[in-house]
Structure formats: structure tokens, C-alpha cells
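Please find below a colleague's note on the structure shown here. It is arranged as numbered points, to be read with the sequence and the coordinates at hand.

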Amino acid sequence: MSHKGKSHTERGLSEVQKEQRQANDHQLKIYFQKYDRFWRLHKLISLRHLLLNRDEVGASIRLAYEGNGAVDEQYVYGNLTNGILADATSELAMLCEDYFGLLRFTREPFFFVKKTISYSAGRITTLPKSLSDPTDESLHKLFFIPTSDITTAIFANADLATANASVEMLREQIGFLQRSHRIAVDFYQKHKDFHVQYKHGLKLALYGLHGSIPPEEVERRKKELSAPLFSFENKPVDQLGSGSAMFIPDIRFAPVRNNIGRLHKDLDLLHIQFLYDIDINELIAIAKRIVKLNNILISNRMSLIENEHRDRLRFLILESDSDVLQSHAYEFDIPPGYQKPTIFNYQIE
């Protein structure tokens with residue numbers, strides 16, 4: 001994540017390295033002027049709009065087929081609904097991947113462009129402990145928040161009661177960061193396999209288990225925006241990720257029954273893997289949390305650049321433990337006796 005080779009501090013950089021770092025920051029600012037941190041959230045909101053208007057979507061599909069397509073109520077509240085929710089689940093998984101990538105690359109002092117534009121997907125999906133389960137100290141570094149000794153020194157300018165209250169409030173806000181980060185990590189770990197199935201396309205089982213939906217389930221789906229999701233799988237059950245799975249070949253069919261061990265060993269036995277009810281409103285609530293984390297991460301990195309030549313600290317942090325899109329801003333002068341943090345103070349293992 002940091003410059004390869006010898007560990008660098010701002011004072012230890014050569015003139016060439018200083019210019020390289022400045023060029024890096026300049027390009028980083030341009031990047032975030034063009035990058036839309038809200039796009040995937042807006043995509044999820046758009047998908048909810050489709051679910052709320054499924055009958056109209058079904059009518060549009062029938063029109064596209066010029067009356068020759070069999071798009072009935074079963075299809076609209078079955079396959080179409082399942083496909084939209086599969087898209088939404090995958091979209092949120094990709095938002096998690098974006099977030100994990102930004103956590104890694106925004107602190108890059110020299111090669112932000114190179115790392116951000118050409119990273120390998122495997123590096124993002126395999127989370128080190130410092131990202132999957134960060135300590136309080138790691139969270140300060142991850143989100144470009146000054147260390148607790150600096151913030152405590154800042155608060156010490158107030159009376160004792162106010163100082164203690166401020167320290168406690170910031171500690172609570174760090175806890176909000178921890179919880180939202182944990183929600184993002186947990187969602188991704190649970191749903192990343194399904195995201196891979198969605199990208200595959202041929203692995204989506206949009207007809208579900210039985211091919212038709214009972215009338216009472218159709219009526220429920222008309223009122224609610226959730227459904228279970230299904231995908232085809234061939235891995236042994238003990239190697240599958242989250243959710244549940246079941247074999248679907250008819251073992252009464254002798255060629256399957258007689259060869260089930262070999263089929264299983266050869267990864268040639270068809271399974272259905274399923275996730276329990278996926279609700280678009282719950283996906284949007286998680287996406288709002290992640291967008292807030294991204295906003296804090298990007299804003300705090302930009303503040304580090306913008307205040308580079310000032311003895312001034314400004315950083316955002318979560319204001320509450322909710323999905324409301326609001327943050328709390330702190331802005332202070334560097335307390336006497338403390339060095340202003342640079343990008344090199346925010347490197348993580």
C-alpha cells in the first residue's frame with residue numbers, strides 16, 4: 001500500500017519523490033472530482049423503482065415482444081422480481097468492493113492512479129485482518145482521523161467536563177465507524193459467492209426451486225419488495241458459502257443414483273444454492289452506510305491535501321449509528337508540541 005522499498009517520511013523524501021507525491025495528490029484530486037461516490041446507491045434506488053412498478057415493466061416487455069412474449073403475472077413476480085433482486089445484491093457487493101479498494105488506495109502516497117485503475121480483483125476480495133477486523137487505532141488510520149493523543153490534546157483546551165464529553169463523543173463516533181464497516185464486511189462475506197454467480201449469468205436459477213410461485217406468494221410480492229434468490233452450483237456442499245444448498249437431480253433416475261458418488265467427486269452434480277429473503281430496502285440501507293463511509297474516507301483524504309501547508313486539521317466522522325446521510329465535521333489547529341500528520345502517518349499493514 002505504501003511506496004516499495006525503504007520506509008519514507010516526508011522529511012526523508014528526495015526532491016524527485018516530493019514532486020512524485022505532489023503529482024500523485026494532484027491527480028487524486030482530479031480523480032475524485034470526476035468520481036461519483038453515489039452511483040451504486042442510485043442504481044439500487046432505481047432498482048427499487050422497478051420493483052415498485054413491476055406491472056408497468058411487464059407491460060413494456062410485452063410491448064417489446066409485440067404481443068408474442070409469454071410475460072404473465074408468474075413471470076413478473078417470479079423471474080423478473082428475482083432478476084432485479086439478484087442485480088441489486090450484486091450491485092451492493094460491488095459497492096463493498098469499491099469501498100475496500102478506496103480504503104487501500106486513497107492512502108497511496110506515490111501510485112494512486114496505478115493502484116486504483118489497474119488493481120486485481122483478487123486483492124480486493126481477499127481482505128487482510130487490518131481491513132476485515134480493524135482496531136480503534138486502525139480505524140483512525142483507515143479514515144485519516146488524527147490519533148487519539150492529538151485529539152485529546154485538542155479537547156484539553158476546554159474545561160474538564162467539556163473535554164471529557166468531547167473525548168467520549170469521538171470515541172462513540174469511532175464506534176459508529178466500526179459498526180458500519182463491520183456491516184459492509186459481513187454483507188460482502190455472506191454474498192460475494194452469489195455476486196460471482198450473478199456475473200457468470202448461466203448460474204442464475206431465476207425460476208427458483210419449483211418453476212411457479214404459489215398464489216399467496218404472488219400476493220405477498222405485490223405488497224413487499226423481497227424474495228429468496230437461487231443459483232446453480234456444482235461444488236461439494238461443504239465448500240459452499242453462505243446460505244443453504246440442495247441437490248436437484250432426481251435420484252430415482254438410476255443413472256444418477258448409480259453414479260452419484262462419482263458425479264459429486266467430479267463436480268458434475270447439480271445443486272441449487274439459495275439465499276433467504278433479499279429485501280431491496282435492506283440493501284439500500286446498507287448501501288447508504290457504505291456511501292457515508294466512502295464520503296468520510298474521500299473527504300478526509302482531500303482535507304489532508306487541501307490543508308497540507310496549514311497547521312490545520314479538518315476531518316469528518318459518522319454522526320450517528322444509522323443510514324441517515326449526515327456526518328459530523330471537526331476542524332482544529334494543531335495543538336502545540338504535536339506534528340501535523342501526513343499521508344505517511346496513515347499507512348496500514
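The points below take up the nonpolar core, a pair of strands, a surface patch and the salt bridges in turn.

1. The model under discussion is a predicted one. The remarks that follow should be read with that in mind.

2. The largest nonpolar core comprises 83 residues. Leu92, Phe100, Phe143, Leu177 and Ile280 have the most contacts inside this core. Helix α4, which spans residues 73–105, gives the most to the core, with 16 residues. As a general background, nonpolar side chains in soluble globular proteins tend to be buried together.

3. Leaving aside residues up to four places away in sequence, Phe143 touches Tyr99, Leu103, Leu177, Leu293, Ile296, Leu297 and Asn300. One of these, Leu177, is also listed with Phe143 among the residues with the most contacts in the core.

4. Strand β1 covers residues 226–233, and seven of its eight residues are buried. Strand β1 runs antiparallel to strand β3 (residues 271–279), and seven bridges join the two. Within this pairing, Phe230 stands opposite Phe274 of β3.

5. Which residues make the nonpolar surface patch of about 290 Å²? The patch is formed by Leu209, Met246, Ile248 and Leu270. Met246 belongs to strand β2, residues 244–247. Met246 counts as partly exposed because its relative accessibility is 37%, a value between the limits of 20% and 50%.

6. The salt bridges in the model number 25. In one of them, Arg182 pairs with Asp186, with the closest N and O atoms 3.0 Å apart. Both residues lie in helix α10 (residues 160–200), four residues apart, or about one turn of the helix. Arg182 is partly exposed, at a relative accessible area of 30%, and Asp186 is likewise partly exposed, at 40%.

7. Another salt bridge joins Lys203 to Glu233, where the closest N and O atoms are 3.9 Å apart. This pair links distant parts of the chain, 30 residues apart: Lys203 is in the loop between α10 and α11, whereas Glu233 is in strand β1. Are these two residues buried or exposed? Both Lys203 and Glu233 are buried.

8. Two further items complete the note. Glu217 and Arg220 meet through their side chains in a salt bridge of 2.8 Å, N to O; both lie in helix α11, three residues apart, about one turn of the helix. Finally, Arg40, Lys43, Asp87, Glu91 and Asp98 are connected in a network of salt bridges.

Technical notes:
Residues numbered from 1 in each chain as written. Predicted model: local features only at pLDDT ≥ 70, side-chain atom pairs only at ≥ 80, totals over all residues. Heavy atoms only, no water. Buried < 20%, exposed > 50% of the residue type's maximum accessible area, 1.4 Å probe, protein only. Pairing = 2+ DSSP bridges. Core = buried A, V, L, I, M, F, W, Y, C linked by side-chain atoms within 4.5 Å. Contact = heavy atoms within 4.5 Å. Patch = residues over 30% accessible without salt bridge, like charges linked within 9 Å, V, L, I, M, F, W, Y side chains within 5 Å. Areas by Shrake-Rupley, 256 points an atom, 1.4 Å probe, with all protein chains shown as cover. Salt bridge = Lys/Arg side-chain N within 4 Å of Asp/Glu carboxyl O.
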